[in-house]
Amino acid sequence: MQKCDHCLLEFPDREAVYDEVKGQRKVFCCNGCKGIYRLINDEGLGEFYKKRASWVPGPAEDKPVDTAAFNEHIMQTGNELETDIILDGIRCASCVWLNEKILYRTIGVTYANVNYATHKAKIRWNPQETGIDNILARIKSIGYTPKPFTSKAYEKEMENRKRDLLIRFGTASFFSMQLMLYAVALYAGYFQGIDEETKNIFHLISLVLTTPVVFYSGWPFINGAVRGLRNLHFNMDLLIMTGSGSAYLYSIYEMFSGGKVYFDTAAMIITLILLGRYIEAGAKGRASQAITRLLSLSPKEARRIVGAIHELPLRSSESIPISSIKAGDMIEVIPGEKIPLDGVVMEGSSEVDESMLTGESKPVSKSAGSDVFCGTQNLYGNFIFKVNKTAGDTVLSQIIKTVEEAQARRAPVQTTADRVVGIFVPAILLLSFATWMYWIFHGSFTTDAVMNAVSVLVIACPCALGLATPLAILVGTTKGASKGILIKGGDVIEKSKNIGIIVLDKTGTLTEGRPVLSSFKGIGMSDTEALRLASSLERLSEHSIGKALVSASKALELNDVTDFKAYPGRGLKGVINGKPVLIGNREFMESNGIDAASDRNLLSEIESSELSGATVVYLSYEGNLAGTFSVSDTVRNEAADVVKMLKHKGLDVAMITGDNIKTAAAVAREAGIDTVKAQMSPVEKAEEIKRMQECGRRVIMVGDGINDAPALVQADVGIAMGRATDIALESSDMVLMRNDLRLLPYAVNLSKKTFSVIRQNIFWAFFYNAVAIPLAVVGILHPIVAAGAMALSSLSVVGNSLRLQRG
């Protein structure tokens with residue numbers, strides 16, 4: 001018989017395939033293994049064969065890969081493409097190492113991460129240099145089969161892991177229950193007498209019953225401990241297996257020495273800890289259901305319109321995969337269907353349930369010009385919409401990505417806890433050894449010394465400490481997502497704990513963000529011509545004031561603009577018909593040499609508009625003042641109540657805006673805000689936030705526009721409103737998916753409550769160890785009691801974290 005140098009499968013000599021690699025003769029079970037072995041060595045990755053452990057002999061399944069099945073799961077990330085896949089054939093941690101190495105050595109791949117627990121790989125690449133077919137071929141070439149990652153695959157993987165824990169726990173429970181019958185008889189025999197033959201039979205039966213518990217049910221702990229030792233990392237699994245293994249091996253020794261056996265201790269340690277792990281897995285599954293629900297929202301197909309939408313007799317529709325749809329395609333949606341992509345309604349009307357994205361249960365009316373979003377549910381009417389964002393760029397995709405990244409981002413307190421665990425485990429191993437030595441040298445029986453040492457190992461297992469932060473963050477972020485609040489990471493939660501002041505932008509944050517043009521006036525030209533010039537510039541801007549002007553000029557034919565340039569928070573410049581045109585606030589005009597304050601009657605009209613809360617912008621053409629525009633935006637109905645709630649929580653509230661002081665003061669007065677900073681550029685907004693921080697204040701900034709981005713980044717926590725611009729969303733730490741300021745106090749409260757739970761978890765985890773370890777050292781705690789107490793400490797962390805779901 002021969003053994004394959006790649007897959008370790010034993011096979012008859014007649015089937016051997018030989019090859020010479022680096023001067024050494026190698027033997028393989030098939031040409032596939034030979035090719036993979038050669039490729040791995042040619043890539044300089046031969047270290048894989050030294051690293052691999054827990055390898056199941058036999059070649060990986062050779063399944064064909066359908067490249068087309070991956071296309072709909074590819075997302076655009078900036079100038080790169082990204083996808084998640086499942087890798088079939090992952091057998092040990094070295095498989096992860098090998099796949100990441102081979103992917104990083106693929107030209108064009110910029111990022112590769114493989115999760116050993118879920119076998120899920122996230123890959124990012126430059127589409128100019130490589131494609132998904134080449135990436136899949138590289139993975140296949142080293143013996144692994146890639147599969148598309150879907151919500152069903154994700155759920156199945158989580159379910160399989162939970163089922164595996166249940167089977168192992170069930171097996172451990174069954175054998176432990178049988179074992180206890182004999183343990184009780186043996187303990188009684190030690191006190192009341194038992195004949196030697198019966199005792200030996202009971203010992204042997206106990207050994208037979210304990211062995212599958214230790215080596216089958218306890219296999220995840222053995223595997224984890226071995227992997228940790230191989231990488232010189234002392235982990236929790238090492239404590240568990242050292243404790244259980246010591247009791248098991250010591251009991252075998254005592255069987256032949258005629259002493260007491262503690263097989264029940266070895267088995268119950270693993271059984272109780274598996275119970276805790278199984279309950280933890282269930283809690284994590286419930287906490288992460290938000291991701292699973294989001295993943296299932298996006299339809300796989302859409303009904304694309306063929307032909308012009310206004311040619312009713314000629315147009316038809318066809319069902320095609322989402323991955324085949326491009327921006328600009330027309331999609332038909334009928335009642336009861338989910339909207340497949342983001343876009344703008346072109347024809348028809350309906351009501352749409354957007355609760356899965358915003359948390360708002362009330363249906364939203366949609367008609368021509370309305371935005372619609374992927375994953376939301378069409379209720380009553382038919383409509384046709386124009387796609388403006390394809391699969392990887394939809395709001396739903398961004399939410400999923402944000403929540404996943406949030407749960408991966410670590411709070412600083414978690415990093416500290418992890419460092420403590422790294423020191424704690426070797427310290428406990430030394431303490432356990434010292435406990436054994438102490439009892440031996442003080443004349444105790446070897447049995448008592450071993451049991452006390454085992455108790456120290458088991459009681460000190462820092463599972464609760466390891467769970468304390470990530471589980472609370474998992475529950476907190478998913479709770480936020482269900483309410484329409486995206487928290488981008490555990491670090492954000494920690495930064496929110498000592499916030500002292502909340503700074504609000506005006507337009508789109510305190511106000512509705514739907515400004516309307518209330519009045520306008522041409523100077524030296526007709527009112528219509530002034531509106532045409534202003535709207536021609538403003539249609540190139542994302543600012544809500546610009547949208548108000550463009551909306552008012554729908555009936556006008558707008559001019560082409562060249563040399564366009566935006567000055568965030570100030571104004572716009574461009575050239576129309578070869579002549580310079582500017583639009584912006586008074587300071588912007590004056591900085592460009594245009595007198596906007598010479599006409600007293602005009603100034604009086606402008607002042608009257610500003611005192612009523614309107615914003616006035618100025619137009620110049622060929623270097624002369626050419627018009628004024630008053631834009632009104634109503635203060636949100638809930639603004640005053642929200643400000644009152646924030647003040648009641650002991651927080652200061654301020655408003656910061658690029659608008660003039662009179663308009664800003666009018667809005668602040670209506671909202672109940674006392675501190676107002678007006679006429680500030682984006683850079684000045686950020687500098688004002690910095691000044692507050694230098695005075696010892698921790699600041700939350702809430703905004704929605706490009707001009708808010710520097711302030712959002714500067715603030716300790718930046719919060720973007722749901723209809724914010726892409727730059728504001730990217731710059732923020734939290735996103736309120738609904739344009740409802742009432743989410744702001746809830747978000748602040750949720751962050752503080754989540755961090756409070758983290759602190760409670762960490763306190764109780766340390767407190768538990770501080771009390772329990774001395775009791776174990778002095779011999780008060782039996783190992784079985786220690787195992788139960790350790791499992792109970794983990795469950796207390798789980799229960800405390802799940803309280804966040806009720807908030």
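**Ground rules.** I number residues from 1 along each chain as its sequence is written, and I use heavy atoms for side-chain values, leaving out hydrogens and water. In this predicted model I need pLDDT of at least 70 for local features and 80 or more for side-chain atom pairs, while totals for chains, interfaces and linings use all residues. I take helices (H or I, at least four residues) and strands (E, at least two) as DSSP runs, numbered from the N terminus.

**Sheet.** I looked up the strand order and found an open sheet of six strands, β11-β10-β12-β18-β13-β16, with antiparallel pairing. I call two strands paired if DSSP finds at least two bridges between them. β11 (316-321) and β16 (371-372) are the edge strands, each pairing on one side only. I then followed β10 (residues 301-306), which pairs with β11 in the antiparallel sense over six bridges. Opposite I305 I found S317 of β11.

**Salt bridge.** I count a salt bridge when a side-chain nitrogen of Lys or Arg is within 4 Å of a carboxyl oxygen of Asp or Glu. The structure holds 20 of them. I picked out R304 with D329, at 3.3 Å from N to O. R304 is in β10 and D329 in the loop between β11 and β12 (330-333), so this pair ties together parts 25 residues apart in sequence.

**α19 and α20.** Helix α19 (residues 527-538) packs on helix α20 (residues 544-552) at about 130 degrees, with the axes 9 Å apart. The two are therefore oblique; under 35 degrees counts as roughly parallel, over 145 as roughly antiparallel, 65 to 115 as roughly perpendicular and the rest as oblique. For contact (heavy atoms within 4.5 Å), I list L531, A534, S535 and E538 in α19 against G546, L549, V550 and A552 in α20. I sort these residues into five nonpolar, two polar and one charged. My classes are nonpolar for Ala, Val, Leu, Ile, Met, Phe, Trp, Tyr, Cys and Pro, charged for Asp, Glu, Lys and Arg, and polar for the others, Gly among them.

**α22 and α24.** I found helix α22 (residues 600-611) packed on helix α24 (residues 661-671) at about 25 degrees, with axes 7 Å apart. That makes the pair roughly parallel. E607, E610 and L611 in α22 meet K662, T663, A666 and R669 in α24. I class this contact as two nonpolar, one polar and four charged residues.

Conventions:
Axes are lines fitted to C-alpha atoms, for helices over the stretch in contact, and angles run from 0 to 180 degrees between N-to-C directions.
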